[in-house]
Amino acid sequence: MRPRLSLFISGILVTLLAAGAFAAELGAQRSSAGGVTVAVTPQNLAAGAKNWDFKVVLDTHAGELNDDLVKTAALLDDKGGRYVPLEWEGAGPGGHHREGLLKFNAISPQPKAIELRIQRPGEPKPRVFTWRLK
């Protein structure tokens, strides 16, 4: 193999491995309390992205899921910045299962870590999901 081609392929492998590690680190997180499970998965937190999306899944077998996540969620950065959602794209209030995307403006410059807080109605403390970005 030629040296340039070898370096090129090595560079691609390093990039793919780094992206895989980044994706694994930003995997889904779950919180179960009061008969409701909330699962959150970051979708696109790339440094150049315009919006950051979080897939949110709520499940219960008791009661209706009437959460207004645009009003009850916030994204915090490692420097104390607080960001409110732009919109919710997904299932509307009601039912025992809801799924959708919670969208935020991308944070720039990209912080070292972020925390998504979801304050559910009737719960004393917010559900907290934390990811390390750098």
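Asp-68 is partly exposed, with a relative accessible area of 34%. That value falls in between the two cut-offs, because buried means under 20% and exposed means over 50%. Asp-68 is found in the loop between strand S3 and helix H2. Its C-alpha atom is separated by 9.9 Å from that of Ile-118, although the two residues are 50 apart along the chain. The model shown here is a predicted one.

Now step back to the whole chain. The protein has 2 helices and 9 strands. Read along the sequence, they follow the pattern α-β-β-β-α-β-β-β-β-β-β. There are 134 residues, and buried ones make up 34% of them. The accessible surface comes to about 8100 Å². Carbon and sulfur atoms account for 58% of that surface. Contacts also reach across the sequence. Take those between residues at least 6 apart: 53% of them join residues at least 24 apart.

Residues up to four places away in sequence are not counted in what follows. Leu-102 touches Trp-52, Asp-53, Phe-54 and Val-56, among others. Its partners also include Leu-69, Val-70 and Ala-73. Further along the chain, they include Pro-85, Glu-87, Trp-88 and Leu-116. Lys-55 is 47 residues away from Leu-102 along the chain, yet the two C-alpha atoms are separated by 6.4 Å.

Phe-104 is found in strand S7 too. It is buried, with a relative accessible area of 0%. Again leaving aside neighbours within four places, Phe-104 is in contact with Asn-51, Trp-52 and Phe-54, among others. Ala-74 and Leu-75 are also among its contacts. Leu-75 is 29 residues from Phe-104 in sequence, and the C-alpha atoms are 8.0 Å apart in space.

Move to strand S3, where Leu-58 lies. Leu-58 counts as buried, at 0% relative accessibility. Beyond its neighbours within four places, its contacts include Thr-37 and Val-38. Leu-65, Asp-67 and Leu-69 are among them as well. The list also holds His-96, His-97, Arg-98 and Arg-120. Thr-37 is 21 residues from Leu-58 along the chain, with 5.7 Å between the C-alpha atoms.

Charged side chains come next. The count of salt bridges comes to 7. One of them joins Asp-53 and Lys-103, whose closest N and O atoms are 3.1 Å apart. This pair links distant parts of the chain. Asp-53 sits in strand S3, residues 51–60, and Lys-103 in strand S7, 50 residues apart. Both residues are buried.

Another salt bridge pairs Arg-120 with Asp-67, with 2.8 Å between the closest N and O atoms. Arg-120 lies in the loop between S8 and strand S9 (127–132), while Asp-67 lies in the loop between S3 and helix H2 (69–72), so the pair ties together parts that are 53 residues apart in sequence. Arg-120 and Asp-67 are buried. Arg-120 has a further partner: its side chain meets that of Glu-123 in a salt bridge, 3.1 Å from N to O. Glu-123 is buried as well. Asp-67, Arg-120, Glu-123 and Arg-127 are linked in a network of salt bridges.

Where does positive charge gather on the surface? Lys-79, Lys-112, Arg-132 and Lys-134 form a patch there. Lys-112 has its place in the loop between strand S7 (97–105) and strand S8 (113–118).

That loop between S7 and S8 is also where Pro-109 is found. A cis peptide bond joins Ser-108 and Pro-109, with omega at about 0 degrees. For background, most peptide bonds are trans.

Technical notes
Residues are numbered from 1 along each chain as its sequence is written. This is a predicted model: local features need pLDDT of at least 70, side-chain atom pairs count only at pLDDT 80 or more; totals for chains, interfaces and linings use all residues. Side-chain values use heavy atoms; hydrogens and water are left out. Helices (H or I, at least four residues) and strands (E, at least two) are DSSP runs, numbered from the N terminus. Buried means under 20% relative accessible area, exposed over 50%, partly exposed in between (1.4 Å probe, protein chains only). Contact means heavy atoms within 4.5 Å. Accessible areas come from the Shrake-Rupley method with a 1.4 Å probe; for residues, only the protein chains shown count as cover. Patches are made of residues with over 30% relative accessible area and no salt bridge: like charges are joined within 9 Å, nonpolar side chains (Val, Leu, Ile, Met, Phe, Trp, Tyr) within 5 Å. A salt bridge is a side-chain nitrogen of Lys or Arg within 4 Å of a carboxyl oxygen of Asp or Glu. Lys and Arg count as positive and Asp and Glu as negative; His and the chain ends are not counted. The place of a charge is taken as NZ of Lys, CZ of Arg, CG of Asp or CD of Glu.
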